[in-house]
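Subject: Structure for your review

Dear colleague,

Please find below the structure that I am handing over to you. My notes on what was found in it follow directly after.

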Amino acid sequence: MASTNFIDYVKIFCRSGAGGKGSAHLHRDKMTAKGGPDGGDGGRGGHVILKGNRNYWTLIHLKYQRHVFAGDGEGGSEARCSGADGEDKIIDVPLGTVARDAETGEMICEITEDNSEEVLVKGGRGGLGNWNFKSATNQTPRYAQPGEPRVERTVILELKVLADVGLVGFPNAGKSTLLSVVSAAKPEIANYPFTTLVPNLGIVTYRDNQSFVMADIPGIIEGAHLGKGLGIRFLRHIERNSVLLFMIPVDSPDIHQEYKVLLNELKEYNPELLDKKRVLAITKCDCADTELMTEMESDLPDIPYVFISSVTGEGITALKDELWKALNN
């Protein structure tokens with residue numbers, strides 16, 4: 001997906017439809033001079049509905065559609081005929097989209113399944129016609145209910161990419177290179193920091209025709225939760241990952257310290273991320289010899305780890321095995 005087309009945050013203004021008014025009609029025809037009330041009910045106003053669509057990957061289609069208005073319900077008529085309901089407006093969104101109220105920040109709903117629907121803004125109810133109010137003591141009511149008014153709401157839509165494995169690391173740790181090797185994804189790769197500016201997804205093939213989804217997010221640095229680097233804007237995309245793959249180059253001055261910094265940034269953003277399963281990949285091992293890697297093994301964080309090289313392919317199969325084990329335990 002092109003960086004200019006990846007939109008994961010939009011604010012839209014939604015307005016539901018007003019309910020149609022009930023009819024206060026009294027039945028009259030050539031055979032009936034003074035018929036009773038027969039006014040029909042008004043139609044329901046249209047809803048604004050959020051619908052999951054697995055064919056969408058970003059919110060780009062909503063970038064220039066910031067106003068969504070549903071249709072009004074029609075009024076009731078004679079012979080107890082009810083008015084037509086207003087037209088619902090359905091907003092297709094990618095799976096993993098979260099809707100929040102822009103004023104209160106309260107979460108309205110989240111879409112995680114294809115074709116699942118959630119009502120963002122309810123349409124107004126239609127008013128009752130006068131035939132609903134007739135009684136033994138009120139045989140000719142000449143009044144009916146008005147329909148409920150429209151409801152307006154400003155909604156923030158945030159996309160949290162759905163993936164099994166999320167890559168976490170400093171800029172230039174080899175995340176994009178790994179994704180390009182284990183999947184068909186083609187992220188931008190270059191020898192400078194912050195090459196990746198948007199999340200990238202790739203489907204990793206495994207044994208016996210099995211697979212899992214891997215997500216690469218832009219690199220984070222110390223102080224990201226304070227807005228340094230690209231900040232924490234993209235960390236929302238690993239909130240839904242089952243396993244976090246920490247990637248640290250073999251030539252790092254202090255692997256333990258880098259791991260602690262990354263872990264702290266996740267904690268500052270959302271402490272619940274620390275509950276996720278973790279795997280450590282020591283990258284760029286084509287630059288180190290076996291003796292050095294053996295010495296390093298005695299002083300690594302206490303989580304499953306694998307030495308890999310995306311250039312030579314060393315350790316890639318073992319990494320897939322470790323990730324698969326973490327995903328299925």
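Which side chain meets that of E322 in a salt bridge? The partner is K325, at 3.9 Å from N to O. A salt bridge is defined here as a side-chain nitrogen of Lys or Arg within 4 Å of a carboxyl oxygen of Asp or Glu.

Before going further, please note that this is a predicted model, in which local features need pLDDT of at least 70 and side-chain atom pairs count only at pLDDT 80 or more, while totals for chains, interfaces and linings use all residues. Residues are numbered from 1 along each chain as its sequence is written, and side-chain values use heavy atoms, with hydrogens and water left out.

Overall picture

The chain contains 4 helices and 14 strands. These are DSSP runs, numbered from the N terminus: helices are H or I runs of at least four residues, and strands are E runs of at least two. Of its 329 residues, 46% count as buried. Buried means under 20% relative accessible area, exposed means over 50%, and partly exposed lies in between (1.4 Å probe, protein chains only). Among contacts (heavy atoms within 4.5 Å) between residues at least 6 apart in sequence, 72% join residues at least 24 apart.

Salt bridges

The salt-bridge rule gives a count of 8, and three of these pairs are described in this message, including the one between E322 and K325.

E322 and K325 both belong to helix 4 (residues 316-328); because they are 3 residues apart there, about one helical turn separates them. E322 is buried, at 18% relative accessible area, whereas K325 is partly exposed, at 46%.

A second pair is R44 and D88, whose closest N and O atoms are 3.2 Å apart.

D101 is buried, with a relative accessible area of 11%, while R153 is partly exposed, with 25%.

Yours sincerely
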